[in-house]
There are 2 protein chains.
Amino acid sequence: MEKISETYEAPASNALDACAVAQSVAHQLRRAHGQFTHRFLFYFSRVNLRPGEFTALALIAEVPGRKQSEIAAAMGVQRANFVSLTNVLEGRSLIERRNAPNDRRSHALYITPAGASLLADARKAEADFEADCLERLGGTRARDQFLVLLSRLFG
Amino acid sequence: MEKISETYEAPASNALDACAVAQSVAHQLRRAHGQFTHRFLFYFSRVNLRPGEFTALALIAEVPGRKQSEIAAAMGVQRANFVSLTNVLEGRSLIERRNAPNDRRSHALYITPAGASLLADARKAEADFEADCLERLGGTRARDQFLVLLSRLFG
DNA sequence: TATTGTTATACTCTATAACTATA
DNA sequence: TATAGTTATAGAGTATAACAATA
C-alpha cells in the first residue's frame, strides 16, 4: 500500500494511451489500481482509513454482529489477513469484538459510537471521492455503466 | 502480489452485491483488483509473468532503446522500483541493458530473441485473458466502453 | 473431523531518501 | 545544479501453513 505525502506527484497522464497496450484490459487495469489507491488515500486522509478498512467498517455497521469470517468472505479477504485489519480498527476503538451468543469460537463484530462517528466522516470523504469519479466519468449514467461492467468483469 | 496455487479458491461471487456498498466505485474497485490479479496470474502462469513484467516487456518491445526512466514513467512506476523489475527481466535474459549512445548515465532497454519469443507466448496468454474479459463483459462494444470509462477515470 | 480465530512467514507492490556517475 | 540509475528501507496487501479452542 502506498503512503500519502505532499511531495509525491501522480503521473499526469496515461502514457500508455499512445501505445498498442492501450486496448488491453490487462495493461490498463494494472495501471488503474495505482491511480485508484493514490486518489483514495488523498480523499480519505482526513479519516485515516485505507480502502479495506473503510469497506470493513461499512460492512460491520451495515449488519452488526456478523462474524469475522463472514465479513472477510464478503470482502474477498482471507480470514487470516482480516485479523490484523480487525486489530487495527479495534485498537482505534472503532469496532468491538464480542462473544458470539451460540458459538464460543466466533467473535461478533460491532461498530462503536466512535466508529459510527468516524464512519459518518468517512462517508463524506467517500461522497467527495465518488463525486470526483462521477465528474471524470461524465455523469451518473456513465458511472452506473462503469459499475455494471466492473461487476460483470469481477463480480 | 499474490502467489499462484492450485488450492486457492477465488471468492465465488461478489458478496458486496447484496449490500449498500455495491453502488460505490471505491468499494468495488478495491475488491476488483484482487480478482484481477488472481485471474491474470492464472492466465499468465504459463509464461510466468506478473502484470508489471508483462507491460514492461510489451513497452520495451514496442519501442526499442528507450531509457529505464522512460518506461517506468509510461507505466506509472517509480524509477527506483523499476530497477528490480528490470533486473528480473534481464536475469531471465528477456531484455538487455545497453549503454545509451549520447548519455552515459542512461541505460537503453532492448528485448532479446528469448524475450521476443516469450512475449509471443505472453500475447497468447493475453488473448485468452482478454477473451475471458470480453465474454464476461458481453461483447466488444461493452469491452471498448469499459476501457473508455476506465481511461476517463484513471487516464 | 471441521471450523474460527490466530500466529508466523513469505512475497509483491509501492513510496521515500540518499548515494554515484554523469550531464 | 539537475538527472539516470541504484541501493536501502519501510509499509501495506495477500497467500500459505499450522496451532488451540470449540463445534
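This is a predicted model: local features need pLDDT of at least 70, side-chain atom pairs count only at pLDDT 80 or more; totals for chains, interfaces and linings use all residues.
## Helices and the overall fold

A helix here is a DSSP run of H or I at least four residues long, numbered from the N terminus. Chain A has six helices and two strands, and along the sequence they come in the order α-α-α-α-β-β-α-α.

Chain A runs to 155 residues, with 46% of them buried. If you look at its contacts between residues at least 6 apart in sequence, 53% link residues at least 24 apart.

K124(B) and D121(B) pair up in a salt bridge, with 3.7 Å between the closest N and O atoms. The two sit three residues apart in helix α5 (residues 113-137) of chain B, so about one helical turn separates them. D121(B) is partly exposed, at 35% relative accessibility.

Further along, R136(B) makes a salt bridge with D132(B), and here the closest N and O atoms are 2.6 Å apart. Both residues belong to helix α5 of chain B, four residues apart, or about one turn of the helix. R136(B) is partly exposed at 36% relative accessibility. D132(B), on the other hand, counts as buried because its relative accessible area of 12% falls under the 20% cut-off.

## Around the strands of chain B

S106(B) sits in the loop between β1 (95-99) and β2 (107-111) of chain B. Is S106(B) buried or exposed? With a relative accessible area of 11%, S106(B) is buried. Setting aside neighbours within four places in sequence, S106(B) touches K67(B), R98(B), N99(B) and A100(B).

One of those partners, R98(B), also has a salt bridge to E96(B), at 2.9 Å from N to O. R98(B) is partly exposed, at 40% relative accessibility, and E96(B) is partly exposed too, with a relative accessible area of 35%. Over all chains, the whole structure has 15 salt bridges.

## Where the two chains meet

The interface brings 58 residues of chain A into contact with 57 residues of chain B. The two chains bury about 5,200 Å² between them, 67% of it on carbon and sulfur atoms. How many salt bridges cross the interface of chain A and chain B? Zero, by the rule used here.

On the chain A side, α1 (25-43), α2, α3 (68-75), α5 (113-137) and α6 (140-154) each supply at least two residues that touch chain B. The biggest share comes from α1(A), with 13 residues. Sorted by class, this side of chain A has 31 nonpolar, 16 polar and eleven charged residues.

## Helix α1 of chain B

Over in chain B, helix α1 (residues 25-43) has 19 residues and spans 26 Å from its first C-alpha to its last, close to the 27 Å expected at 1.5 Å a residue. Because 16 of its 19 residues are buried, α1(B) is largely enclosed by the rest of the structure. At the N-terminal end, S24(B) caps α1(B), with a side-chain oxygen 3.2 Å from the backbone nitrogen of A26(B).

## A buried isoleucine in chain A

I60(A) lies in helix α2 (residues 51-62) of chain A. With a relative accessible area of 1%, I60(A) is buried. Not counting residues up to four places away in sequence, I60(A) touches I71(A), I95(A), L109(A), Y110(A) and I111(A). I60(A) and G115(A) are 55 residues apart in sequence, with 9.9 Å between their C-alpha atoms.

Methods
Residues are numbered from 1 along each chain as its sequence is written. Chains are lettered from A and ligands numbered from 1 in the order in which they are written. Side-chain values use heavy atoms; hydrogens and water are left out. Buried means under 20% relative accessible area, exposed over 50%, partly exposed in between (1.4 Å probe, protein chains only). Contact means heavy atoms within 4.5 Å. Buried area is the accessible area (1.4 Å probe) that two parts lose on being put together, summed over both. A salt bridge is a side-chain nitrogen of Lys or Arg within 4 Å of a carboxyl oxygen of Asp or Glu. Ala, Val, Leu, Ile, Met, Phe, Trp, Tyr, Cys and Pro count as nonpolar, Asp, Glu, Lys and Arg as charged, and the others, Gly among them, as polar. The expected span of a helix is 1.5 Å times one less than its number of residues. A polar contact is a pair of N or O atoms within 3.5 Å; within protein, one must be able to donate a hydrogen and the other to accept it, and residues adjacent in sequence count only if both atoms are side-chain atoms.
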